[in-house]
Amino acid sequence: MTSTISSTLDLADIQGGILHPRPSPYVGAYLLLRIDDRRDGRELVRRLAAVVTPAADWTPGRDAWLNVALTYRGLAALGVPDASLATFAPEFREGMAARADRLGDVGVNAPEHWEHPLGTSDVHVALAVIARAPARLAELLEQARAAQEELPGVRLVWRQDCYALPTEREAFGFRDGISHPAVEGSGIPGSNPQEAPVKAGEFLTGHVDETGDLAPVPQPDVLGRNGTYLVFRKLHQDVAGFRRYLRAHSATQADEELLAAKLVGRWRSGAPLALAPDQDDPELGADPSRNNDFRYRDADERGLRCPVGSHIRRMNPRDAVVTGEVRLHRMIRRGTSYGPPLPEGELADDGADRGLCFVFVGAHLDRQFEFVQTQWAGDGRAFGAPDEVDPLIGPNDGAGVLTIPARPIRRRLTDLPRFVTTRGGEYCFAPSLPALRWLAELSD
């Protein structure tokens, strides 16, 4: 059976955490499980499907939720037929570890250095458990634990606790989670009033995408439709090294803050350089109705305000002229901090592991996540600077370059080190609720 084109979102069938932005603050945990017995695995999926909240039931005050996703090996472990498995995206079937060279996960980022069991055959089911308060998180984690009860063929193999601070700051000190697109038909507003809603098929299988075609649907239709691909990456952040770099390249604390803003494209408050080029504006940064209301082409085409190669401009060039059609590479991004914050002002590494759990949501792994990772973050040619990569997350090695346009003389940094290291990751598929129930009812 093949899917038919639809412009209506079946919110009752879509996992709620896929489309809805997360609140702040919150606490959470990512859980990875291995399936050793497919019957137990199917029972696990049946139980989990009963506690996943659909997007149709989402309320602004919702205080806890759980999302379920599976790797390619996880679908196979449940007994999905080979003919169906073959209809999933080739990138998903290969898995993130197998595509490490393409993604730039080499050297210290290579899979052999990843945190076990990330990138191995042991990862089958991924759970994201999020709550506004620790007590509610504990309740939902207990539900997740109960779903595994008396199922010896299912084993928890990894857990990562995470959080979003009340300040909404990530480990480097920047307000995070500011930018997200509106998905056509969802009724959920985007963060930039100047950006038209993006076609649903960019984020959900079985709907029309920005090319005018139907986003490929894994078969059968009940399994593939209204699902989405997820990318999970655990990224270690060298906060002390970032602070030392700013200190070494600045004459004053004000210069440090400006340099940090030039690297990222926003002040730490969240105020974008495109709107506040000369000094921070905390009120602007804290105002969700204004802090993402900008474009680049007319106001800052040359990057005199926000450098063309800065992090946020690479992740979303908006209306700027770059290689690739921007709307074909838009992503829903979820970032969640992990590890203890480094005390304010501390320049020495305390040895703690801290960073970001990055989650991508989209229907096209190749031209969304992989394109942005390789062409925009890992290669400067799209931005007219072949020897430059993303200054924040790019594979810099102590000789990284960033051009900061200015009048009368530009500034050119030539010694950028690596600030972010990949600790591991997975490609997953988040099925619809009907698909979860279909998986639970599989038989040998």
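Colleague: Which residues of helix 2 are buried?
Modeller: This is a predicted model, where local features need pLDDT of at least 70, side-chain atom pairs count only at pLDDT 80 or more, and totals for chains, interfaces and linings use all residues. Residues are numbered from 1 along each chain as its sequence is written, and side-chain values use heavy atoms, leaving out hydrogens and water. Helices (H or I, at least four residues) and strands (E, at least two) are DSSP runs, numbered from the N terminus, and buried means under 20% relative accessible area, with exposed over 50% and partly exposed in between (1.4 Å probe, protein chains only). For helix 2 that gives Asp40, Gly41, Arg42, Leu44, Val45, Leu48 and Ala49.

Colleague: How far does helix 2 reach from its first C-alpha to its last?
Modeller: Helix 2 covers residues 38–49, so 12 residues, and the expected span is 1.5 Å times one less than the number of residues. That expectation comes to 16 Å, and the model is close to it at 16 Å.

Colleague: Which residue puts a side-chain oxygen by the backbone nitrogen of Arg39?
Modeller: Look at the start of helix 2, where the oxygen reaches to within 3.0 Å of that nitrogen. The residue is Asp37.

Colleague: What does Arg42 touch, apart from its neighbours within four places in sequence?
Modeller: Arg42 sits in helix 2 and is buried, with a relative accessible area of 5%. Contact here means heavy atoms within 4.5 Å. The list is Leu78, Gly79, Leu439, Ala440, Leu442, Ser443 and Asp444.

Colleague: How many aromatic pairs does the structure hold?
Modeller: Rings of Phe, Tyr and Trp (its six-membered ring) pair if their centres lie within 6.5 Å; planes under 30 degrees apart are stacked, over 60 edge-to-face and the rest tilted. The number of pairs is 19.

Colleague: How far apart in sequence are the parts that Tyr30 and Phe232 tie together?
Modeller: Their pair is tilted, at 5.0 Å centre to centre with 55° between the planes. Tyr30 lies in strand 1 (residues 26–35) and Phe232 in strand 5 (residues 228–237), so the parts it ties together are separated in sequence by 202 residues.

Colleague: Which residues have the most contacts inside the largest nonpolar core?
Modeller: A nonpolar core is a set of buried Ala, Val, Leu, Ile, Met, Phe, Trp, Tyr and Cys residues joined through side-chain atoms within 4.5 Å. The largest has 91 residues, and a second, separate one of 29 residues includes Ile14, Trp158, Leu204 and Cys428. In the largest, the answer is Phe92, Leu127, Phe242 and Leu439.

Colleague: Which ring does the charged end of Arg318 sit over?
Modeller: That label needs NZ of Lys or CZ of Arg within 6 Å of the ring centre and within 35 degrees of the ring normal. Arg62 does it over Trp58, 5.9 Å from the ring centre. For Arg318 the distance is 3.8 Å, and the ring belongs to Phe294.

Colleague: What is the omega of the cis bond from His116 to Pro117?
Modeller: Most peptide bonds are trans. Pro117 is in the loop between helix 6 (100–103) and strand 3 (125–131). Its cis bond from His116 has an omega near 5°.

Colleague: Is Glu150 buried or exposed?
Modeller: Glu150 is in the loop between helix 7 (134–147) and strand 4, and its phi is positive, about 60°, although it is not a glycine. At 74% relative accessibility, Glu150 counts as exposed.

Methods:
A polar contact is a pair of N or O atoms within 3.5 Å; within protein, one must be able to donate a hydrogen and the other to accept it, and residues adjacent in sequence count only if both atoms are side-chain atoms.
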